[in-house]
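Biologist: Please take me through one part of this model closely, strand by strand. Then link it to whatever else you can.

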Amino acid sequence: MANIISDETIEYVGILAKLELSGEEKEQAKKDMGRMLDYIDQLNELDTEGVEPMSHVFPVQNVFREDVVTNGDDHEAMLANAPERREDSYIVPMTVI
Amino acid sequence: MSREYETVIGLEVHVELATKTKIFCGCSTAFGGAPNTHVCPVCSGMPGSLPVLNRQVVEYAAAVGLATNCTITQCCKFDRKNYFYPDNPQNYQISQLYLPVCRDGKVEIETADGKKTVGIHEIHMEEDAGKLIHDEWEDCSYVDFNRSGVPLIEIVSEPDMRSADEVIAYLEKLRLIIQYLGASDCKLQEGSMRADVNLSVRPAGTSKLGTRTEMKNLNSFKAIARAVENERRRQIELLEEGRPVVQETRRWDDNKEYSYPMRSKEDAQDYRYFPEPDLPPVVISDQWLEEIRQRQPELRDEKLARYKEEYMLPDYDAKILTSSKKMADLFEETVALCQKPKKVSNWLMVETMRLLKEQEMEPEDMAFSPENLAKLIELVEAGTINGTIAKEVFELVFRDNIDPAAYVEEKGLKTENDTDALREIVEKVIADNPQSVADYRNGKEKAIGFLVGQTMKATRGKANPAVINQLLKELL
């Protein structure tokens, strides 16, 4: 494995992804991520000179909606998905403002 | 202060577009609905839901780009900006990073120091977040997703501004352009226009930029001006003390007139953007762009020139009348009804501006009709009511959009032009006020004013002061 992921990197990626990883999971994640980067390195060997970067697989463009209201008030159904609700609001633990 | 400093300011302006529906779903964008009543699986981030772009958002964004001299990116794409915050149910915001819809624009601003050009780095389309209400007691937050997915454009300026005056002039310019296009109402108080201020200072004459801070929570032009001044001073003080300016986001508290750093985000600035896989690219063909160009309405600068030319209004008047789309529309519609541009201009410039200021209202909040203003002008012109009464009636037109003709009729406010009836009243006033009469006869010209006042009072303000004056002089 050419790419070695440091403890700091896996710690940082964990913070970004809001994941709490155990020591064992961290080691596994380091290995997985190293292998992924190795694969990317392999792709980087290809000559892509003059090739447009592709972000979509299908040759589709300009898929639009017209600006017309099609959805009504469906708050009961929507709030049924809420882990916690109070009156007509979703309730979440307070985060830093 | 030992050295001179130069302030360098760039702005990020978010504008909520005036579409009927959200950017990626058919939910209403109406402001002020009960919590979570304009919400669907797309804008509440339910897994498996798919966004579909609102065509009107592209049209508005391109229209603003054209009006600010931008190059339109004819093949543009959306990108995913990842961050965790409860106002953002998907844990990412769909925005544009790599290929924003507009780039390299500029607008001309004017301050007391003269004219200058402010560059526009880019304009991109994105979705707004939901609203959180924090409950300190319960240690929880209430989430309302009505605003989640409301379309925004973010206009990023170049760091071309040097003072609070220039910042305000630039914002006013953007606001007028966007209001004239009908792309947004741009109300700072309601948050349909929001400005983040990036500011740094550097010793005058140097070219290297200092470390900048970003200021948020600026809800009025006054707050922006205060925040700019305050942050400029804070950074200069730090530098004078030999301490560094920390690159951070700060929140302005306009009541206390100071700012404080927001959560330190050593982690949060890493948004890990990547191309949005759920949305195909947007291609704006030459033909589509031309159609948008053809639909551009008359903008402020053109209207200003036309008012001076067509209505023969002085520059000062034309500037005030065109300083808001609402005011300009009201002016033109009223003139179309009564054909008296100078009179309409006077009512708008004097009484309307006074009432707006007195009641701390924006021109956009005005609710009276051009028909009623035109009727009021006709009543004055025909001599049916005098100037004093007209001002009183106008206050009611302004407040409740009453029909002035019906009101004047109903309250019996017509000017007393019946000279015989007036003569009787004047005679009585003369009889009742011998002292003033004596004063006047002894050469105190001013004493007549008191007698005119007494007569006006006796007629409950309905008489024509010129006629009273004439009668008094005749009888004395």
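Modeller: Strand 5 (residues 79-82) of chain B is joined to strand 16 of chain B by two bridges, and the two run antiparallel. Strands here are DSSP runs of E with at least two residues, and helices are runs of H or I with at least four, numbered from the N terminus. Two strands pair if DSSP finds at least two bridges between them. The model is predicted: local features need pLDDT of at least 70, side-chain atom pairs count only at pLDDT 80 or more, and totals for chains, interfaces and linings use all residues. Residues are numbered from 1 along each chain as written, while chains are lettered from A and ligands numbered from 1 in written order.

Look at one bridge. B:Asp79 has B:Pro275 in strand 16 of chain B as its partner. Now widen the view. Three strands of chain B make an open sheet in the order 6-5-16, with antiparallel pairing. Strand 6 (92-95) and strand 16 (274-275) of chain B each have a single partner strand, so one side of each lacks a neighbour in the sheet.

Chain B also pairs with chain A. Strand 1 of chain A and strand 2 (residues 53-54) of chain B run parallel, joined by two bridges. There, A:Arg65 stands opposite B:Asn54. The contact (C-beta atoms, placed from the backbone, within 7 Å) takes 34 residues from chain A and 40 residues from chain B. On the chain A side, strand 3 of chain A gives the largest share, five residues. Helix 1 (7-16) and strand 1 (64-65) of chain A are among the elements that each supply at least two.

Note on methods:
Contact = placed C-beta atoms within 7 Å.
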